[in-house]
Amino acid sequence: MNMAEVKFENVTKKFEDFTAVENLNLEIKDGEFFVILGPSGSGKTTTLRMIAGLEKPTEGKIFIGEDDVTELPPKERNVAMVFQNYALYPHLTVYDNMAFALKLRRKGFRRVYSREEIDERVRNAAKMLHIEDQLEKKPGQLSGGQRQRVALGRAIVRNPRVFLFDEPLSNLDAKLRMEMRVELKKLHQALGVTMVYVTHDQLEAMTLGNRIAVLNKGEVMQVDDPITLYNNPRNLFVAKFIGSPEMNMFDCTLNAGYLEFDGFKLKVPEDIYERIKEYEGKTLTFGIRPEDVLDSLFAKELDGERIEAKIEVIEPVGSETFAHLKVGEMEILARFPPMVRVSAGESMKIVFNMRKMHLFIDGEAIV
Ligand code: ATP
């Protein structure tokens, strides 16, 4: 039997009459790097704390492996949590900070570790995290990145069944965050253990996760791998939340195989039209990612209407150029490859890659 490592079964968490998590069903696979992504207040931390045992579900069950852990206290769950404020003991050395949880276990916990075993675990973890030469220092003598590594080390030495991360990188600067992301991925590959990671940063989620659950107001919007989330968002919320810069979105009406906008219309490819005929005459939301808005000069092979656009602002960033365009009153962001040379104030012809368009009705995706 292929058991999920962490499983939520109809889990609801209420704080008095406020529902923080609503009827959550999730199966996190053994060895998976699973990300919980959502805006502030969407219930991410509450979900993570329920795995750790720091919050108890109001309804439903949580399993770790085959064990129903819903009623189990945190210390019996064999999970380790890493927070954004690393909470290191300032008066202890890096070594003792990492050894602390194992030493504690001598006093009345399930397992007792010998001095040699503790030493081996601490040194192995330190090596993995490249902090072998920092072991005698105190946390106050370390950089933010090094402190975060110590916090990770403290979790690693415990050899937990599941790692839980609550925005562990959010206190680091952008460059360090990028470095630590790679380190975390390496760590996951080396340990092969289940990791559950909470973040509000979609880029972090996309780069780290094998799969991502997108949460909104305590409810799961979609669970998928990053590329599927990007290419096939199931609803408007996911379409807007995933991808930076955001997907362009405009209202239109489906009429005789065309999407009608204010001032122009776009022909829907035949095969796609066959699938959405039933929405004739309805108001739909058309979504197109900035990279699927093309300069017609560089898209000769692409079918579709050429639309006149005014170039308002250009942002060349080297690897690509962002162009803020206007078609009538519609503002469109395009992401062009660097060979596209355009200037603010000019006009140009654009074409949409209709095979990459998204269509939504009442917030739900139909294409
Ligand atoms: P953030 O990214 O801001 O941490 P989050 O997605 O992790 O947000 P949670 O911390 O899970 O969100 O909180 C979800 C909702 O539940 C919030 O509206 C929060 O105010 C509420 N909440 C969380 N903990 C409690 C509590 N102990 N008592 C009352 N309400 C709470």
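At what angle do α4 and helix α5 pack, and how far apart are their axes? The model is a predicted one, and in it α4 packs against α5 (residues 174-191) at an angle of about 20 degrees, with the two axes 11 Å apart. Angles under 35 degrees count as roughly parallel, so α4 is roughly parallel to α5. The crossing in which α4 passes α5 is right-handed.

Helix α4, which spans residues 144-156, also packs with helix α2, residues 94-104. For this pair the angle is about 30 degrees and the axes are 7 Å apart. That angle makes α2 roughly parallel to α4. Here, too, the handedness can be stated: α2 passes α4 in a right-handed crossing.

Helix α2 has a further partner in helix α3, made up of residues 115-128. The axes of α2 and α3 come within 10 Å and cross at roughly 135 degrees. Angles over 145 degrees would count as roughly antiparallel; α2 and α3 are therefore oblique to each other. Their crossing is right-handed.

The next topic is the ligand. Which residues lie around the ligand? They are Phe 15, Phe 18 and Ala 20, together with the run Pro 39, Ser 40, Gly 41, Ser 42, Gly 43, Lys 44, Thr 45 and Thr 46. By residue class, this shell divides into 4 nonpolar, 6 polar and 1 charged.

In Gly 43 the atom belongs to the backbone: a polar backbone atom lies 3.0 Å from a ligand oxygen. In Thr 45 a polar side-chain atom is 2.7 Å from an oxygen atom of the ligand, and in Thr 46 a polar side-chain atom is 2.6 Å from an oxygen atom of the ligand. On its own the ligand has 630 Å² of accessible area, and the protein covers 58% of it. The largest share, 3 residues, comes from α1.

Two details of the backbone remain. Which peptide bond is cis? The bond from Ser 244 to Pro 245 is cis, with omega near 0 degrees. Pro 245 sits in the loop that runs between α8 (236-241) and β11 (248-255).

The other detail concerns Asn 10, a residue of strand β1, which covers residues 4-15. Asn 10 is not a glycine, yet its phi is positive, at about 45 degrees.

To return to the helices, α4 is roughly parallel to α5 and α2 is roughly parallel to α4, whereas α2 and α3 are oblique to each other. Around the ligand, α1 supplies the largest share of the shell.

Conventions. Residues numbered from 1 in each chain as written. Predicted model: local features only at pLDDT ≥ 70, side-chain atom pairs only at ≥ 80, totals over all residues. Heavy atoms only, no water. Near = heavy atom within 4 Å. Polar contact = N/O pair within 3.5 Å; in protein donor to acceptor, adjacent residues only side chain to side chain. Areas by Shrake-Rupley, 256 points an atom, 1.4 Å probe, with all protein chains shown as cover. Helix = DSSP H or I, 4+ residues; strand = E, 2+ residues; numbered from the N terminus. Nonpolar A, V, L, I, M, F, W, Y, C, P; charged D, E, K, R; others polar. Axes fitted to C-alpha atoms, helices over the stretch in contact; angles between N-to-C directions. Parallel < 35°, antiparallel > 145°, perpendicular 65-115°, else oblique. Left-handed = near helix turned anticlockwise from the far one by under 90°.
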